[in-house]
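Here is a short report for a first look.

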Amino acid sequence: MKQLIAAILCVALLLAGCGAAPSSSQIASDQVQDVLPEGTQQPLVAAKAVYPLTGQELTGDVQRPVAVMVNNAAAAGARQWGLSGASVIMEALTEGETTNWMLWFDNLESVPKVGPVAPGKDLFWQFALPMNSILVQKGMNTYAENLLNCYGWQPLDALMLGVNSFDYDGSDAAMPMEYDWYTQGGSLQYGVDHYQIPLSGKVPVWQFFGSPVLGQTAAALTVNFSEKQGTTLRYENGAWVMYRADGTQQLDANNGVPVQVNNVLVLRSEASVKDDKFTREYNLTQGEGLYLVNGTWQKITWKKGDVADELQLFTENGNPLVLAPGKSYVAVYGDFAGQSLSITDEEGNTVYPEAETEPDTEAAAE
């Protein structure tokens, strides 16, 4: 009876069936085949020869990606390490008015000094689990704990592993402690060994990579996640450069390098608030979105489904979306009060959302 009750609670808490979900060492998916999706004008990079998160040429064997939760509070700005080394940066509002980041790295070896490590959030882990990712966090909220317990997934958690796998930078006495914890690939090796987590395994290619079909001209995208926090991506010298809400460039504290990516994605989702009246709830079944690449933008659609299902991206007419090989920024956007999206051209004119066309009253009268 206790096992039956536990199973029912697991489904109820996640609002998604666990099914026969595999453990962290078992999730697998067929590699994306080297085929040409209908309507695509350019050949794709062969899936077996690329890193799954970037589509860039693979050197060595495919290993499991590493997903690290990172604090994005304004006060943490000087200690945000590792952004320029991430293959994918995912950002979303999960509580309050401050977003979190999930930094996705190709493998354990490629994880630089990264932090400040933040609590795990179920929204981000729902994207990371289908990619067979190793999860890195410092504590977690109730919903993330329910998710990982349901799927039997062991994270590398600073609250459990402490200084064996994480380091503490107390050089600034005025800095709150939550912004002092960081880690790196070499340090995480202890946790990997301790929990006997395999580094290799089947990893699905995140999306089709090749020569993307270009859209309408764009110079910048601004995502206001709340009245206090937003992110802008500006197309400069062949890449999308990240800016903070105060207009300053987002820098990697490791090297002072501006953070830039090749692909920018916005996933619009139906959203609400969970039963705690505080944590955001996103419907990840399907939705519309935006894709920016090479100084252009276009509308897209996407679908996911249950926790174990991979994200799939499509053009507006339903063909598989082809991303440019390289790094990506992904915003999950819920249309909450205080949120807004805008795309501008080089002259600063708003091209998205498109202005509504006023009816021609004179023609109508005739």
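A crossover is right-handed if, with the strands pointing away from the viewer, the path from the first strand over the helix to the second runs clockwise. This predicted model holds such a case: β4, helix α3 (residues 142-151) and β5 form a right-handed β-α-β unit.

Strand β4 covers residues 134-137. Its pairings are set out below.

| Strand paired with β4 | Sense | Bridges | A bridge pair |
|---|---|---|---|
| β1 (residues 66-71) | parallel | three | Ala-67 and Leu-135 |
| β5 (residues 156-157) | parallel | two | Val-136 and Leu-156 |

In a regular strand the side chains alternate between the two faces of the sheet. In β4, Ile-134 and Val-136 point one way, while Leu-135 and Gln-137 point the other way. All four are buried.

Now the whole chain. It has six helices and 23 strands. Of its 366 residues, 52% count as buried. Among contacts with a separation of 6 or more, 65% come from residues 24 or more positions apart. The accessible surface comes to about 16,700 Å². Carbon and sulfur atoms make up 48% of that surface.

Last, one residue. Thr-232 sits in strand β11 (residues 230-236). Is Thr-232 buried or exposed? Its relative accessible area is 11%, and buried means under 20%, so Thr-232 is buried. Its side chain makes a polar contact of 2.9 Å with the side chain of Thr-222. Leaving out residues up to four places away in sequence, Thr-232 touches Ala-220, Leu-221, Thr-222, Val-241, Met-242 and Tyr-243.

Definitions and conventions
Residues numbered from 1 in each chain as written. Predicted model: local features only at pLDDT ≥ 70, side-chain atom pairs only at ≥ 80, totals over all residues. Heavy atoms only, no water. Buried < 20%, exposed > 50% of the residue type's maximum accessible area, 1.4 Å probe, protein only. Polar contact = N/O pair within 3.5 Å; in protein donor to acceptor, adjacent residues only side chain to side chain. Contact = heavy atoms within 4.5 Å. Areas by Shrake-Rupley, 256 points an atom, 1.4 Å probe, with all protein chains shown as cover. Pairing = 2+ DSSP bridges.
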